[in-house]
Amino acid sequence: MKQDSEPVALITGASRGLGREIARRFARRRMPLILTARGAEALREVADELGALTEVVALPGDVADPEHAERLVRLGLERFGRIDVLVNNASSIGPSPMPTLADYPPDAFAEVLRVNVVAPLHLVQLVLPQMRARGAGVILNVTSDAAVQAYPGWGGYGASKAALEHLSRVLAAELEGSGVRVYVVDPGDMDTQMHREAEPGVDLSHLPGPEVAAPAFEQLVEAETAPSGRFEAQRLVPAGAAGRRP
């Protein structure tokens with residue numbers, strides 16, 4: 001992504017797991033960061049760590065709260081003047097252990113959609129005007145192969161990611177020629193707290209950590225000609241074959 005200085009990135013869910021690892025990758029190349037997560041103490045620790053490498057704005061809160069999202073973007077623009085990269089990483093797995101769709105509480109499903117679909121779209125809407133005005137920007141929406149594969153028990157989460165993927169495809173079509181690129185990125189199967197919440201009691205120690213998938217996000221930011229599309233992070237190729245759960 002060519003410009004006079006390193007791009008400014010907004011990363012949601014940045015206090016742990018994949019979001020934290022993406023933030024670390026970006027910080028090592030001195031990208032200014034706007035970070036948010038619900039856990040205030042964990043977010044502060046990440047901000048303190050990365051503040052030694054780059055400028056960081058950290059604001060704890062729920063990205064599904066419209067007022068928080070608006071304040072987050074406003075603070076970032078006031079501090080840095082622009083937001084070049086949006087990483088919609090924050091997600092809700094829903095009830096744990098995950099119920100079948102026949103037993104899925106409607107209120108819980110609505111909350112998963114609010115966090116995994118409505119909140120990312122709202123953040124896109126907030127950052128998009130200044131991206132379009134500059135004719136450049138990168139939107140990275142974190143997905144899962146549960147969006148395209150029918151795993152029993154993963155219906156609520158998978159449906160939310162399927163919605164996010166289609167939203168991203170339509171957005172990419174609407175932004176064609178604008179200079180703004182839109183990606184959905186499947187990080188693959190990882191040993192994370194979120195995955196442990198999804199499948200409590202299952203041994204995930206054999207799976208890679210999120211640091212394996214994080215470099216793909218940096219590569220997509222750096223790419224000048226990569227078309228909008230769906231990518232599997234651990235291979236960084238258009239994902240025609242099935243990926244793996246989050």
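Biologist: Is F231 buried or exposed?
Modeller: This is a predicted model. The relative accessible area of F231 is 8%. The cut-off for burial is under 20%. F231 is therefore buried.

Biologist: Which residue forms an aromatic pair with F231, edge-to-face?
Modeller: The two ring centres are 5.4 Å apart. The planes stand at 75°, and over 60 degrees counts as edge-to-face. The partner of F231 is Y183.

Biologist: How many residues apart in sequence are the parts that this pair ties together?
Modeller: Y183 sits in strand β6, residues 180-186. F231 sits in strand β7, residues 229-232. The pair therefore links parts separated in sequence by 48 residues.

Biologist: What is the relative accessibility of Y183?
Modeller: Y183 counts as buried. Its value is 0%.

Biologist: What kind of pair do Y104 and F109 make?
Modeller: The count of aromatic pairs comes to 3. In the pair of Y104 and F109, the ring centres are 5.8 Å apart. Their planes meet at 70°, so the pair is edge-to-face.

Biologist: How many residues are in the largest nonpolar core?
Modeller: Several elements give two or more residues to this core, including β1 (9-12), α1 (17-28) and α7 (214-222). The residues that touch the most other members include I11, F26 and F217. The core holds 34 residues.

Biologist: What arc do the buried residues of α2 cover?
Modeller: L43, V46, A47 and L50 are buried in α2. Their arc puts them on the same side of the helix. An α-helix has 3.6 residues a turn, so residues three or four places apart point the same way. The arc is only 100°.

Biologist: Which residues are exposed on the other side of α2?
Modeller: The buried residues of α2 are covered by elements including α1, β2 and β3 (56-58). The other side of α2 carries the exposed residues E41 and D48.

Methods. Residues numbered from 1 in each chain as written. Predicted model: local features only at pLDDT ≥ 70, side-chain atom pairs only at ≥ 80, totals over all residues. Heavy atoms only, no water. Phe/Tyr/Trp six-rings, centres within 6.5 Å; stacked < 30°, edge-to-face > 60°. Helix = DSSP H or I, 4+ residues; strand = E, 2+ residues; numbered from the N terminus. Buried < 20%, exposed > 50% of the residue type's maximum accessible area, 1.4 Å probe, protein only. Core = buried A, V, L, I, M, F, W, Y, C linked by side-chain atoms within 4.5 Å. Arc of directions from axis to C-beta. Contact = heavy atoms within 4.5 Å.
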